[in-house]
Each structure stands twice: as C-alpha cells, then as structure tokens.
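Here's a quick tour for anyone opening this one up for the first time.

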Amino acid sequence: MSIRLKLLICIPLLVLLMSSISFVLFQSGKNVQESYHLMMNRIMLYKEVSYEVGENMRSLNRFIMQVDTDSFPEVEKHLGAVLELRSRLDGMNTIGGSGLPLMNYSHLIDTFVEQAGQMITEIDGQDANSLAGAYIEAEQTQRFIREEAQELVDLELDQYKPIYAEIMSTTAKLNRMGSLLVITAALLSICMAVWLSSSITGPIRRLVATAKQISKGRMDTKAPESVNNDEISILCRAFNGMIDNIQELMKENIKSAEKDRLVKELELKMLQSQINPHFLFNTLNSIAKLAYLEGAARTSDLTVSVSRLLRYNLQKLDQAVPLREEVEHVNEYINIQRARFRDRIAFEMEIDEQAMDGMVPCLTLQPIFENAFVHGLEQMEEGAILTLSIRYRSGQVEIVISDNGAGMNRETVARLMGSIQQEAPHSSSKGQSTGLGTHNVFKRLHLFFDGQQLIEINSSEGQGTAVLFRLPFRTSA
C-alpha cells in the first residue's frame with residue numbers, strides 16, 4: 001500500500017470517526033433540550049394566561065370602576081391576548097391519560113372572556129351595583145383561573161417527573177458512552193498515527209542507517225526491503241540496485257587494475273632480464289648469418305631460434321595473440337632446449353587446426369614448458385618426454401601440457417591453484433629465463449577470460465605432471 005493511499009484512508013477515517021461521535025453527542029443533547037422545551041412551553045403558557053387575565057382585571061377596574069376611558073384600549077389589548085392564549089390551549093395535548101383538567105381550565109378562560117366582554121358591552125346600560133357584581137364574579141373567575149393554572153403546573157411537573165428521570169438517565173448513559181467513544185477514538189487515532197508514522201519513518205531511518213554504513217566504506221550493507229509496495233520500498237530496492245551496480249563496477253575496476261598491475265610487473269621483469277635487448281637481437285641476427293656463411297647450419301638455426309624467441313618476448317604482454325603464434329613460439333623454445341639436452345628429451349605434439357585461431361594472452365605456453373624443463377625434466381638423464389595436446393571441443397579449446405618428470409606434491413599443487421584468486425608472487429622461480437612464473441600465467445588467464453577458464457593440475461611425486469587448460473574459444477581479444 002502506497003503512502004498516499006494510507007494518508008487518503010487514515011485521515012478521512014479519523015475525521016469521520018470524530019464527526020460521528022460529535023453527531024451522537026449533539027443528538028443526545030438535542031433530545032433533552034426538546035423535551036425540556038416542550039414542558040417549559042406548557043408551564044409558561046399557564047403563567048402567561050394568569051398574567052394576562054390579571055392585567056385584564058386591572059384595566060377593567062380602571063375602565064369600569066374608576067370611569068377611565070383612556071384605559072379601554074388596554075382592556076382590549078389584554079383581552080385579545082387572553083383569546084390568543086386560549087386558542088393555543090386548543091392545540092395542546094392532554095395531560096397524562098385525562099384531558100379533564102385542561103378542559104376545565106379552558107372553560108374557566110372562556111367564562112372569564114365572556115364576563116369581561118359582557119361588562120364592556122353593557123357598561124352604559126347597567127347601574128353601578130350591577131357592574132360591581134359582574135366585576136366581582138369576573139374577579140372570582142380570575143382567582144379560579146390562577147388556582148387552576150397552579151394545579152396544571154403541578155400536574156405537568158408530576159407528569160414529566162418520570163420522563164425527566166428517564167431523560168436524565170439516558171443523558172448519563174449517553175455521557176458515559178460519549179466519554180467512552182472519545183477515549184476509544186483518541187486511542188484509535190493514536191494507534192493509527194503511530195502505525196502511519198512508523199510505516200513511513202521506520203524504513204526511512206533504516207535507509208539512513210544503511211547510507212551511513214555505506215559512507216563508512218561498508219559496501220556489503222543492504223537496505224532492508226519491505227513486502228509493501230509503497231514508495232519507500234521502491235526507493236530501498238532502487239538503492240540496493242545502485243549498491244549492486246557500484247559493487248560490480250568496483251569489482252571490474254579492481255580486476256582491470258590488477259590486470260594492469262600484473263602486466264606492468266611482467267614488463268618490468270622482462271626489462272630487468274634484458275640487457276639492451278634490441279642490440280642483442282641485432283647481434284644474434286648477425287651471428288646467424290655469419291654461421292650460415294661459414295657452413296655451420298645447426299649453429300645458424302639455433303641462433304635464429306634464439307633471435308625469434310627474443311623478438312617474441314619483446315611484444316607487449318597485455319596483447320592477445322592467436323594460439324598458432326604461441327605454438328610457433330614454443331617450437332622455437334623447444335629447438336633451443338633440444339640443442340641443450342639433445343636426445344635426453346623427446347617432444348611430442350598433437351594439434352587440432354580448428355583451435356589455432358583462438359586468442360590467448362601473450363606468453364601463455366612457454367612459462368609452463370619452462371617450468372616443466374626446470375623442475376621436472378632437467379635432472380633426468382634419459383627417457384624424458386614432453387607432450388603438447390591442443391583440441392577443439394564444443395566452443396572450447398583444450399590444452400594439455402604433460403611430462404613424465406619429477407612431479408609435485410599436493411601442497412605445491414594447491415599453492416599453484418590458489419594463486420588464481422590471489423595476487424601473483426613477486427619473486428620468480430629460480431632458473432627461469434623469461435621471468436614469467438606459472439602464477440602469472442594462471443592469473444592472466446583468469447583475468448583475460450573473466451573467470452570462465454578451467455585450469456587443472458594433475459601431479460604426484462615421481463609420476464610427472466599434466467597441466468590442463470580448458471579455455472573459451474575466442475577469435476578476438
């Protein structure tokens with residue numbers, strides 16, 4: 001769930017929850033107010049009737065007894081007010097289960113209105129004693145109205161007493177429920193806020209911690225990825241992808257730097273082993289021609305082989321060459337060794353022409369042969385055999401260099417195989433004319449073929465040694 005969707009769900013949900021609680025509390029208060037308002041309207045109506053009837057009697061007193069004609073409009077005003085209040089009584093519900101008290105009250109008002117109206121209309125035709133008697137009757141009716149109003153108020157209070165108790169009980173329940181709802185809503189709001197903030201800030205804190213570890217150089221650190229498909233999870237996956245890319249680039253840079261370092265180291269060793277090589281190369285060519293002119297053919301051939309060997313060794317070691325050139329270079333090296341060992345060593349080759357166009361690092365085969373001569377065959381007086389086998393199989397070139405010499409123990413084999421993943425040693429083996437050790441050959445093959453090569457060494461003391469290269473077939477560097 002995305003962060004935007006979480007916010008769109010949580011915030012309206014909290015607002016809706018608080019609005020619902022407010023609406024429930026408002027409705028409960030409104031019901032109580034309506035009930036109280038209805039009861040007070042009825043009581044106030046009784047009080048208003050008593051007040052208007054009393055005011056009407058006072059104005060009639062001034063108009064009839066004191067013969068104050070200016071008070072007549074006031075008499076009509078209060079009498080009209082009594083009639084209006086009387087009409088409002090007709091719209092009221094009965095009290096309890098009986099409508100008799102309210103009916104008696106209405107009749108008393110009607111009687112008072114009739115008495116007051118009769119006194120007003122007959123004021124000129126009656127004598128003072130008759131008017132006084134009518135006034136006394138109206139005054140008595142007023143007293144009855146006031147007493148009946150008080151009785152109605154008492155009845156209203158008695159009628160609304162259980163209702164009021166029920167309203168108060170309901171109000172207390174609603175207040176408790178409202179308090180519970182407010183507390184529940186507050187707890188839910190806090191929980192949702194904590195959950196929402198932790199779901200947002202938690203991954204961000206872990207991502208910041210990962211970035212701090214990476215800034216300290218710990219490139220193996222990864223940002224924890226969440227199963228949620230939100231924006232922060234996408235950011236963490238992108239961050240981890242960036243870390244993986246950086247690690248791959250660092251590995252490639254390390255490999256490239258190691259390759260350059262190894263090539264420079266080998267070139268330095270070559271320079272250390274050469275004494276003015278170009279002068280020596282030209283001198284050997286002159287000796288070969290002189291030997292040929294003097295009729296020393298074998299000396300001339302040997303000198304040419306040494307010259308070609310020297311010229312091949314002067315190549316850039318970071319260049320790749322076809323396997324065919326490596327085999328030709330090995331032949332020149334074998335020619336020189338034959339002049340030295342004569343019939344003590346036999347050299348055998350089994351070459352598949354299909355594999356000759358495969359590219360390999362320069363000076364790959366000669367150091368292996370040189371190692372075989374120096375450590376395996378040099379001490380043998382007779383019967384030494386050195387074999388080179390090259391085959392093409394399913395997109396790969398298989399090279400086997402074997403001898404029947406002194407062999408190696410398991411520790412030496414393990415050390416040579418371990419050198420593939422380690423730095424090549426800085427010291428060369430004793431007696432190597434090129435300065436290129438087996439360690440360097442293995443390392444250069446590993447860098448050239450990006451670890452896709454296969455190298456095996458089968459050897460035991462006294463049983464000879466076989467070195468197997470299984471390399472990807474490449475026609476370009």
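Let's start with Glu-147, which sits in helix 4 (residues 128-215). Helices here are DSSP runs of H or I with at least four residues, strands are runs of E with at least two, and both are numbered from the N terminus. Keep in mind that this is a predicted model, where local features need pLDDT of at least 70, side-chain atom pairs count only at pLDDT 80 or more, and totals for chains, interfaces and linings use all residues. Residues are numbered from 1 along each chain as its sequence is written, and side-chain values use heavy atoms, with hydrogens and water left out.

**Strands side by side**

- Strand 4 (residues 384-393) and strand 5 (residues 396-403) run antiparallel and are joined by eight bridges; two strands pair if DSSP finds at least two bridges between them.
- Within that pairing, Ile-390 has Ile-399 of strand 5 as its bridge partner.
- The hairpin of strand 4 and strand 5 has two residues between the strands, and there Ser-394 takes a positive phi near 50 degrees.
- Strand 5 is also joined by eight bridges to strand 7 (residues 465-472), and these two run antiparallel.
- Here Asp-403 finds its bridge partner in Thr-465 of strand 7.

**Positive phi in the loops**

- Most residues other than glycine have a negative phi.
- Leu-363 has a positive phi, near 60 degrees, and lies in the loop between strand 3 (359-361) and helix 9 (366-377).
- Leu-363 counts as buried, because its relative accessibility is 0%.
- Asp-450 has a positive phi too, near 55 degrees, in the loop between helix 11 (438-448) and strand 6 (454-459).

**A buried tyrosine**

- Where does Tyr-105 sit? Look in helix 3 (residues 100-121).
- Tyr-105 is buried, since its relative accessible area is 0%.
- From Tyr-105 to Arg-86 is 19 residues in sequence and 9.6 Å in space, C-alpha to C-alpha.

Key. Buried means under 20% relative accessible area, exposed over 50%, partly exposed in between (1.4 Å probe, protein chains only).
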